[in-house]
Amino acid sequence: MAYVATRGGERAIEQSERLYRAELGRIDAARVTAVRQTLPMLIDRVMGEASLYEPDLAALALAQSGGDLYEAVLLLRAWRTTQPRLGIAEPVEQEQLVTHRRISAAFKDIPGGQILGPSLDYSHRLLATGVLQGHPFEPRPVEPAATPAPARQPSLAAWQKAQGLVADPPRAEVAPDDIPDLTREPLLFPAARAHTLQSLARADTGGMLALGYSAMRGYGNAHPTVNELRLAEAELRVRHPRGTVFSAGRVKVSQAEVMAKGKSGLLELGFCATLGWNEVKVISGATLDLNAPGAAKGSPVEEEFFLYHTEPVEASGFCIHFKLPHYVTFQSSLDALRGARGAAAPIPEQAPEPEEVTA
Amino acid sequence: MFDTRKDVQPVLDHADLLGLLARADAARLAALAERLLPALGAIEVVQSRTGLVMLPMRDTVQGTDFHLGEVLVAEAHIRAAGTEGYGMIVGRDLERAMAMAVVDAAASLGQTAEISAFVQHEAQEIAAADTARLREIEATRVSMETF
């Protein structure tokens, strides 16, 4: 890489950081608490992309970065490396999820029924401008049903497999310690399915939406319908030194399956899940998963293309690194340009040879 | 665990006890631990730290287990009175994890009336909170008709 050492910027750099932080002002515990309590959807998005579940730390990262999502995710990914890995929990299965929302756009009458849960899907998108004129917006309370919903809901995919609507491939039992882990090993292609799904779980929401949307609009192989979408809480089941497996608490998770009619005469499903509640992300991710088999090299639904381009820290880091001094690169481009012009000037009728310019 | 039972058994099995301690009210758990401490004598703290637990999930399409992401937990491990106690809770509250470990150690020597009463009260509180939330969720159940 053609970087150049520069000198003389120390004071400017110091003042530049101060200028940025001065606009954010004093950050205290009260601000962090306010961020956590008032922006749960944003907290969830940041926790999912950081691949670190801790709402207070996510709120702190947002407060400290002034809401710059990529900075917040980077802060959390970096902080994560200071913590020891204490273990691997028992795998979460769909039917064990404490389910708050569970819908299907493909099937009206799904086993267990459709539960909207918390959602703005059917709301009018009206900005509550009265708040700015001193009229606080007070949400109306939920009118609870007489009986509670079942905490757990059956798996639609399992029912579809039992009905012979969806392929039911034999699954290999993998000990939790042997599950491939992107935090310990690189992403290589063709990727193990465990790597693909972990990478999607950590991926940038906006990037996944852009690529997933391209597939939804027709630049993919299959048009998705939401088979099942869930917002839920998963128990973190860990092991006591005496061997007892117990729940250390719950974390919010979202998962989606999208469906299309396959060439085999069966329904084909794509899957995506993430930490936190983030519907756009899991529907987009499941669409990419559905479209990936057989995708053309370099197409947005090809696994290598979408996994490489939706890693938030690498993508944003590569983008913003272009702001750092590239004077040697630019000087070489300029020299090539001037050289070409100089050579071209005396003989205007002859087109100059394009020169290979590399960074 | 999601406990909707009306009658809580006086003696819980170890997994249910630990799950309940992990969700118990922090202040009441700390108060119970304070009361149980004197009987445990000298305490050796083996571990008191935060750390990460990786959470795997099973894909519903191909049945592949994959890592969803890491959860920050607080962990406490103690030895006292010839037994050991362990606490792990989602979050970073080391005191809560330590209080859980103290109660776990005390309970391993016998679930006294004091511990049983605590457990029963917390189980009711947790069940009530879960039920209240699930009644709100049930209110959003939709029955769709196509024309």
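In this predicted model, 44% of the 147 residues of chain B count as buried. Chain B holds four helices and four strands. Chain B also touches chain A, and that contact takes 54 residues from chain B and 67 residues from chain A.

**Fold of chain B**
- From the N terminus on, the order of elements is α-α-β-β-β-α-α-β.
- The radius of gyration of chain B is 19 Å, while the globule rule gives 15 Å for 147 residues, so chain B is more spread out than a compact globule.
- The C-alpha trace of chain B spans about 70 × 35 × 25 Å along its principal axes.
- Take the contacts in chain B between residues at least 6 apart in sequence: 55% of them join residues at least 24 apart.

**Side of chain B that touches chain A**
- Chain B gives 54 residues to the contact.
- Two helices of chain B, H1 (14–23) and H4 (113–138), are among the elements that give two or more residues to this side.
- Strands E1 (44–58), E2 (65–80), E3 (83–90) and E4 (141–142) of chain B also give two or more residues each.
- E2(B) gives the most, with 11 residues.
- The residues of this side divide into 27 nonpolar, 14 polar and 13 charged.

**Strand pairing between the chains**
- Strand E2 (residues 85–88) of chain A is joined to E1(B) by three bridges.
- These two strands run parallel.
- Gly87(A) has Val53(B), in E1(B), as its bridge partner.

Key:
Residues are numbered from 1 along each chain as its sequence is written. Chains are lettered from A and ligands numbered from 1 in the order in which they are written. This is a predicted model: local features need pLDDT of at least 70, side-chain atom pairs count only at pLDDT 80 or more; totals for chains, interfaces and linings use all residues. The radius of gyration is taken over C-alpha atoms; the globule rule is 2.2 Å times the number of residues to the power 0.38. A residue is buried if 20 or more other C-beta atoms lie within 10 Å of its own, exposed if 12 or fewer, and partly exposed in between; C-beta atoms are placed from the backbone. Two residues are in contact if their C-beta atoms, placed from the backbone, lie within 7 Å. Ala, Val, Leu, Ile, Met, Phe, Trp, Tyr, Cys and Pro count as nonpolar, Asp, Glu, Lys and Arg as charged, and the others, Gly among them, as polar. Two strands pair if DSSP finds at least two bridges between them.
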